[in-house]
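User: I'd like to learn how to read the features of a protein fold. Could you walk me through this one?

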Amino acid sequence: MTGIFLDTGDIEQIKKYHSMGIIRGVTTNPTIMSREQNKGNLNFKKRLIEIANLINPLPLSIELMTNEYTEMKKQAVEFSKWAKNINIKVTIHGPGGEMDNLKIINELENKSKVRVNVTAMITAQQCFVAAMAGATYVSIFGGRANDLGYDSKAEIKKLRSLIDTMNLKSKIIAGSVRETSNVTDWFHSGAHIVTCPPQFLEKIIIHPHTKEIVKQFLKDSLKLKK
Ligand code: E4P
């Protein structure tokens, strides 16, 4: 599945854009879900199952909430059992640089048959290693990469070339959108998927001059004899 994913846990926003047929999946992360919790009475499991069922068979990414080795494997299997279209987000390494995450990624993909979205990556090189570990998705945080002085478009272009040349299965998800131009720029650079918060989709669709054109057409329509 390639195209625009919605980067949110807000079920109403997902319903809205899914009904338009313009999204091809949904991604979440603990920060996104904590925002949903701040809105009041979030049942984490219930909400994510609701999202998975709403967009089925489109993919839904759910991120692990621990970096403790045993607990990570347990959570990954538990979350993936909630619905067939769920894939599991695992950060490429832990908060202290713990690299066992790659071992878990490899085991989940190749032994447990759990699809993994390796996340929290800044460079093409990180994503390439995650792709070598067998990741279904590799998520590059383009907006944060730009903030750190990288050229996100160049990183994505380099990564796509490596994945294609080496015939790796991973799909590139470009996330961390900071402006609407990121979406088409990152697709143009070779991302298979751009995961976009709802507010940016609205900015992409609605243009002030289009509003003027529509007003003109409707005004002139009134003059027409039916
Ligand atoms: C993808 O789902 C990422 O988790 C998300 O796009 C990160 O965005 P941020 O850099 O604004 O936290």
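**Reading the barrel and its helices**

Analyst: Happy to. Eight strands close into a barrel here, in the order β1-β2-β3-β4-β5-β6-β7-β8, and their pairing is parallel. Please keep in mind that this is a predicted model.

User: How do I read strand pairing, and which strand pairs with β1 (residues 3-7) over four bridges?

Analyst: Strands of a sheet pair through backbone hydrogen bonds, either parallel or antiparallel. In this model, strand β1 pairs with strand β8 (residues 193-196) in the parallel sense, over four bridges.

User: Which strands does α9 lie across?

Analyst: Helix α9 lies across β1, β7 (171-175) and β8, and runs at about 165° to β8.

User: Now the helices. How is the packing of two helices described?

Analyst: Two packed helices are described by the angle between their axes and the distance between the axes. Take helix α8 (residues 152-165) and helix α9 (residues 181-189): the angle is about 30° and the axes are 8 Å apart. Angles under 35 degrees count as roughly parallel, so α8 is roughly parallel to α9. The crossing of α8 past α9 is right-handed.

User: Which residues of α8 and α9 meet there?

Analyst: From α8 come S152, K153, I156, K157 and R160, and they meet D185, W186 and S189 of α9. Sorted by class, this contact has two nonpolar, two polar and four charged residues.

User: At what angle do α1 and α3 pack?

Analyst: Helix α1 (residues 11-19) and helix α3 (residues 44-55) pack at about 5°, with their axes 11 Å apart. That angle makes α1 roughly parallel to α3. On the α1 side you will find I11, I14, K15 and H18, which meet R47, E50, I51, L54 and I55 of α3. By class, the α1 contact with α3 counts five nonpolar, one polar and three charged residues.

User: Is the crossing of α1 and α10 left-handed or right-handed?

Analyst: The crossing of α1 and α10 is left-handed. Helix α10 covers residues 198-205, and its angle to α1 is about 35°, with the axes 11 Å apart. Q13, K16 and Y17 of α1 make the contact with P198, L201, E202 and I205 of α10. These residues divide into four nonpolar, one polar and two charged.

User: What about burial: which residues of helix α5 (residues 100-110) are buried?

Analyst: A residue counts as buried when its relative accessible area is under 20%. In α5 the buried residues are N101, L102, I104, I105, E107, L108 and E109. Their cover includes α4 (69-80), β4 (86-91), β5 (116-121) and α6 (124-132).

User: Let's finish with the backbone. Which peptide bond is cis, with omega near 10°?

Analyst: Look at the bond from N56 to P57, which is cis with omega near 10°. P57 sits in the loop between α3 and β3 (60-63).

User: And where does K113 lie?

Analyst: K113 lies in the loop between α5 and β5. Its phi is positive, about 55°, although K113 is not a glycine. With a relative accessible area of 62%, K113 is exposed. N167 also deserves a look: it has a positive phi of about 55° without being a glycine. You will find N167 in the loop between α8 and β7, and its 70% relative accessibility means that N167 counts as exposed.

Notes: Residues numbered from 1 in each chain as written. Predicted model: local features only at pLDDT ≥ 70, side-chain atom pairs only at ≥ 80, totals over all residues. Heavy atoms only, no water. Axes fitted to C-alpha atoms, helices over the stretch in contact; angles between N-to-C directions. Helix = DSSP H or I, 4+ residues; strand = E, 2+ residues; numbered from the N terminus. Parallel < 35°, antiparallel > 145°, perpendicular 65-115°, else oblique. Left-handed = near helix turned anticlockwise from the far one by under 90°. Contact = heavy atoms within 4.5 Å. Nonpolar A, V, L, I, M, F, W, Y, C, P; charged D, E, K, R; others polar. Pairing = 2+ DSSP bridges. Buried < 20%, exposed > 50% of the residue type's maximum accessible area, 1.4 Å probe, protein only.
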